[in-house]
Amino acid sequence: MRPIKVLIVEDSIVFRELLVQNLNRDPAIQVVATAKDPFEARDAILAYKPDVMTLDVELPRMSGIEFLRKLMPQYPLPVVVISSLSDKVFDALNAGAVDFVAKPAVSSRAQLEEFIRNELLVKIKIASTAKISNIKKTVMKQEMQSLSAKGRDLIVAIGASTGGTEAIFDVVKEYGTDIPGIVIVQHMPPGFTEMYAKRLNDQCRVQVKEARTGDRVLPGHVVIAPGGDQHMHLVKVNGVYQVECKKGPKVNGHCPSVDVLFESVAKVAGRDAVGIILTGMGGDGAKGLLAMRKAGARTIGQDESTCVVYGMPKVAYDLGAVEYQEKLSDIPKRTYALLNKM
């Protein structure tokens, strides 16, 4: 099997060379070219036809985001963005990037090399499997039903990974303020989940925030698990759904883990829940979704034709955890249909 051909777009000479040296140590990777700005990158893409491009957001002559917006319609290519802590990364994902990594705020060469080997390499390999044609804004065609089950104490739980930031937005923006409380785990580095929650809050009808222990999960409200070293659990205190964020080891390689959230929803909410698993690499969330279904919850999985990476939903489907497999654009309508039957 031939190695993944990678183009590195980075204006820092030192960091660029570190990327080349460390990525080339992996036999599954071949850095075929580097570029210091989008104009050099454009020429390198045409000359070397890379499988994946790593892209810094801040570049000379043209920003990485503007470059993505010009590039993707003409030359779709899996892109992994390397970004400092900034909400610009979400503009890059919206413009067509597959995923991102947070550039570590360290000066130690050893720490930078560890970041490249342990984080960036993994993202590049995942990006090489992504379906670029599915990285696009979903147009919802159906009129949403109103919710008749307003008297029930219901919960909607959503889990996603690669491609999930845009997929979650496409689903959540269709929900009205009558939707039951929503709990979400999206695999994301610390710091970015708060910015992502604020972004959703500004663009959706529901109220969205990064979760803190004790936050109540109320109708028309969304809480997103904080990135970092805490898992988010659903609990019920004095008859009211709340979340609890607790430190713990990684589960399925992730913290927060979708499985941890879904399993808590199965235990606490049982048949009063709808579980939704979206695009992402690996199997996190599959067993938890199965636990939800066995507890009487209704479950939805994103279908292969609309996933950027058909990993998590496939594992869940193969386990028998998915009751309804839907295109991304049909998930909001299915959510309301299931809630109205509860």
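Trainee: Which strands does helix α9 lie across, and how is its direction relative to β12 to be read?

Mentor: Helices (H or I, at least four residues) and strands (E, at least two) are DSSP runs, numbered from the N terminus. Axes are lines fitted to C-alpha atoms, for helices over the stretch in contact, and angles run from 0 to 180 degrees between N-to-C directions; contact means heavy atoms within 4.5 Å. In this structure, helix α9 (residues 286-294) lies across β6 (155-160), β12 (273-277) and β13 (298-302), and runs at about 155° to β12. Helix α11 (residues 331-340) lies across β6, β12, β13 and β14, at about 175° to β13.

Trainee: What conventions apply to the coordinates and numbering?

Mentor: This is a predicted model, in which local features need pLDDT of at least 70 and side-chain atom pairs count only at pLDDT 80 or more, while totals for chains, interfaces and linings use all residues. Residues are numbered from 1 along each chain as its sequence is written, and side-chain values use heavy atoms, with hydrogens and water left out.

Trainee: In what order do the strands of the seven-stranded sheet stand, and which are its edge strands?

Mentor: Two strands pair if DSSP finds at least two bridges between them. Here the order is β8-β9-β7-β6-β12-β13-β14, an open sheet with parallel pairing. The edges are β8 (207-210) and β14 (324-326), each of which pairs on one side only. From one strand to the next, the twist averages 20°. Within this sheet, β7 (residues 181-186) and β9 (residues 221-224) pair in the parallel sense over three bridges, and Ile 184 stands opposite Ile 224 in β9.

Trainee: How is the sheet of five strands arranged?

Mentor: The five strands form an open sheet in the order β2-β1-β3-β4-β5, with parallel pairing. Its edge strands are β2 (29-35) and β5, each pairing on one side only. Neighbouring strands are turned by 25° against each other on average, direction ignored. Helix α1 (residues 13-23) packs on this sheet, touching β1 (4-9), β2 and β4, and its direction makes about 165° with that of β2.

Trainee: Which residues of α1 are buried, and what do they pack against?

Mentor: An α-helix has 3.6 residues a turn, so residues three or four places apart point the same way. Buried means under 20% relative accessible area, exposed over 50%, and partly exposed in between (1.4 Å probe, protein chains only). In α1 the buried residues are Phe 15, Arg 16, Leu 18, Leu 19, Val 20, Asn 22 and Leu 23. These residues pack against β1, β2, β4 and α5.

Trainee: Is Thr 54 buried or exposed, and which residues does it touch?

Mentor: In a regular strand the side chains alternate between the two faces of the sheet. Thr 54 lies in strand β3 and counts as buried, because its relative accessibility is 1%. Not counting residues up to four places away in sequence, Thr 54 touches Val 6, Leu 7, Ile 8, Val 9, Val 80, Ile 82, Leu 120 and Ile 124. Strands β3 (residues 52-56) and β4 (residues 79-83) pair in the parallel sense over four bridges, with Thr 54 opposite Val 80 in β4.

Trainee: How do β10 and β11 pair, and what lies in the turn between them?

Mentor: Strands β10 (residues 230-237) and β11 (residues 240-247) run antiparallel and are joined by eight bridges. They form a hairpin with two residues between them, and Asn 238 in the turn has a positive phi of about 55°. The bridge partner of His 231 in β11 is Lys 246.

Trainee: Where is the cis peptide bond?

Mentor: The cis bond joins Cys 255 and Pro 256, with omega about 5°. Pro 256 is placed in the loop between β11 and α8 (258-268). Asn 252 is found in that loop as well, and its phi is near 60°, a positive value in a residue other than glycine.

Trainee: What lines the largest pocket, and what is its volume?

Mentor: Rolling a probe the size of a water molecule over the atoms shows where empty space is left. On a 1 Å grid over the protein atoms alone, a pocket is an open set of points where a 1.4 Å probe fits, with protein on both sides within 12 Å along at least five of seven lines; lining residues have an atom within 4 Å of a point. Grid points are joined across faces, edges and corners, and a volume is the space filled by probe spheres set on the points. The largest pocket has a volume of about 710 Å³. Of its 26 lining residues, the closest to the centre are Glu 119, Lys 123, Pro 189, Lys 250 and His 254. The largest share of the lining, six residues, comes from α5.
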